[in-house]
Amino acid sequence: MFGTKKRSDSMESPTEAQDNYVQNVDPLAELPKTRWERLMPAMACGSGLFSDGYINNVIGSVSVMLGKIYGKAYTNSPSQQNISAITFAGTVLGQLIFGYTSDKWSRSGSLLASTCILVIFAALGAASYGYHGSIQGMFAALTAYRFLVGIGIGGEYPAGSVACSEATGELKSGSRNRWFIMFTNVAIDWGFVIGAFIPYLLVVICTEKHLRAAWRISLGLGVVPPLILLYLRLKLKEPEEFTRESMKHVKIPYKLVLKHYWFRLVIVSTIWFIYDFSVYSFGIYSSKIIDTIIGDTASIATSFGWNTVVNLFYIPGAMLGSIFSDKVGPRLALAIGVTLQGLVGFLMAGLYPTLSQPQNIAGFAVVYGIFLSLGELGPGDNIGLVASKTCATGVRGQYYAIAAATGKIGAFVGTYVFPYIEKAGGKGTNASAQYPFYVSSALCIFTAGLVFLLPHIGQDTITAEDIKFRAYLEEQGWDTNQLGLQKGDTLESQAGVTEAESTKE
């Protein structure tokens, strides 16, 4: 598809990339497959992130129900924080483990393993039980299952998203970013919406007298999405790009990889860290809007219903952002989205004393919805796309895993740092709500600048990046006949296959 690059600069401008590569043919898009055969692998690989959205969001409502049922036995115990936060730790561990296995073992095998973990521990979480009926024992069991289900969620990032990005290479050029985003970030956002809606629906059906059934069913329904995906994933084959460029049966030259990709990895990881770090502050205004609308005496069902409405704010930006990314490219889409989000954030923080008045709450909700949508249009939609397309196939799983894990760590850090920022504004003052948004909005603008330190990302970047990486390895004296080597093959047989393919071309 592209000519081979002659020099191995790790960072390039869009102009340089275009000058050094001449598009001749799109090999993956030319494969003789139907539209469904092309779409199904991308959907099966990426849509597992719906479970991430559902499982992470549903626990907030479940925690409210547990507090209502068990009172101080829950709210005064460490379990209240642990049950909600422990999934972060499991997710980070899962990302790192499956990042390695997706490169060194199998993309499809890693996906199946993560799916099975999700099914098993989502089910066990719903059935949590303490020894001899112990309440604290039940909380401990739920905490443990939440950690383990987090490992399964973590596997969806490097195995699922990476395989999805490679599978979209078989789709029509001009639509690849769109489908990647639809099957990953849009799936996560719908997971958040459904994760808020299901507890609301169950509380309405079961009433507040039967919250024990409502919280268990809420968690138990988290089994359904991965079970559906399990059927599709059993039919999955390895992505074509991974088959051609993997390092699963050779020793990965990590020293050369780090020399070539360290700067990009630092930039992508920093962007992801900042975005997830800032997300904590975004929820502050959500709480203010809901509290103003429903008051202190509202029922659990009413509170859950408004929580669902707030989560719907993410959807327009995510959906529109998928098309926008194809039009302008993920790098520019991320920069524009995060810049606009930062500007709207400064506006909301500056006008907070006026917007937060009860008579202005409708306008506040609209502006806040625009703010959340811009976050999805920019970093929400494109950060995973950038991470999956700025590295060669042979180490993409580990590269993506490190960036995604750094983001999760950022979210965890944010939950501890932002309360201190709020406290600096003074308890109960407008400044306590303004300071976190000033910080987050400033970080949004900073992130926009970081994006331009990354190389150009086009429709054919995955294939182009593999060609550049091959050229770099050859310059460093590493035998690229090892790329795509299958179990039982020798370098001599692989060299023969490569020579035969070159003769055909």
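D326 and R178 form a salt bridge, with their closest N and O atoms 3.3 Å apart. D326 sits in helix α15 (residues 314-328) and R178 in helix α8 (residues 176-183), so this pair ties together parts that are 148 residues apart in sequence. The two ends of the bridge can be described by their accessibility. D326 is buried, at a relative accessible area of 13%. R178 counts as partly exposed, at 28%. The model is predicted.

**Salt bridges**

Side chains of opposite charge can pair when their charged atoms come close. The structure holds 10 salt bridges. One of them joins E156 and R233. E156 belongs to helix α7 (residues 135-167) and R233 to helix α11 (residues 224-233), so the bridge ties together parts that are 77 residues apart in sequence. Is E156 buried or exposed? E156 is buried, because its relative accessible area is 2% and buried means under 20%. R233 is buried too, with a value of 1%.

A further bridge stays within one helix. K468 and E465 both lie in helix α21 (residues 461-475). They are 3 residues apart, about one turn of the helix. Both residues are buried.

| Pair | Closest N to O distance |
|---|---|
| E156 and R233 | 2.8 Å |
| D326 and R178 | 3.3 Å |

Some bridges share partners. Which residues do they join into one network? The network consists of D103, R107, E166 and R396.

**Positive phi angles in loops**

H132 has a positive phi of about 55°, although H132 is not a glycine. This residue is found in the loop between α6 (107-126) and α7. H132 is exposed, with a relative accessible area of 66%.

T207 is another residue other than glycine with a positive phi, near 70°. T207 lies in the loop between α9 (185-206) and α10 (211-220), and its place is just after α9. T207 is partly exposed, at 36% relative accessible area.

What span should the 22 residues of α9 have? At 1.5 Å a residue, helix α9 should span 32 Å. The end C-alpha atoms of α9 are 32 Å apart, which agrees.

**Aromatic pairs**

A pair of aromatic rings is described by the distance of the centres and the angle of the planes. The count comes to 19 aromatic pairs. Take W262 and F263. Their ring centres are 5.6 Å apart and their planes stand at 85°, so the pair is edge-to-face; planes over 60 degrees apart count as such. W262 is partly exposed, with a relative accessible area of 49%. F263 is partly exposed as well, at 28%.

How are the rings of Y368 and F371 arranged? This pair is stacked, with 6.4 Å from centre to centre and 15° between the planes. Y368 and F371 are 3 residues apart in helix α18 (residues 361-389), which puts about one helical turn between them. Y368 is buried, with a relative accessible area of 1%. F371 is also buried, with a value of 1%.

Rings can also link up in a group. Y261, Y399, F469 and Y472 are joined into a cluster by ring pairs.

Definitions and conventions:
Residues are numbered from 1 along each chain as its sequence is written. This is a predicted model: local features need pLDDT of at least 70, side-chain atom pairs count only at pLDDT 80 or more; totals for chains, interfaces and linings use all residues. Side-chain values use heavy atoms; hydrogens and water are left out. A salt bridge is a side-chain nitrogen of Lys or Arg within 4 Å of a carboxyl oxygen of Asp or Glu. Helices (H or I, at least four residues) and strands (E, at least two) are DSSP runs, numbered from the N terminus. Buried means under 20% relative accessible area, exposed over 50%, partly exposed in between (1.4 Å probe, protein chains only). The expected span of a helix is 1.5 Å times one less than its number of residues. Rings of Phe, Tyr and Trp (its six-membered ring) pair if their centres lie within 6.5 Å; planes under 30 degrees apart count as stacked, over 60 as edge-to-face and the rest as tilted.
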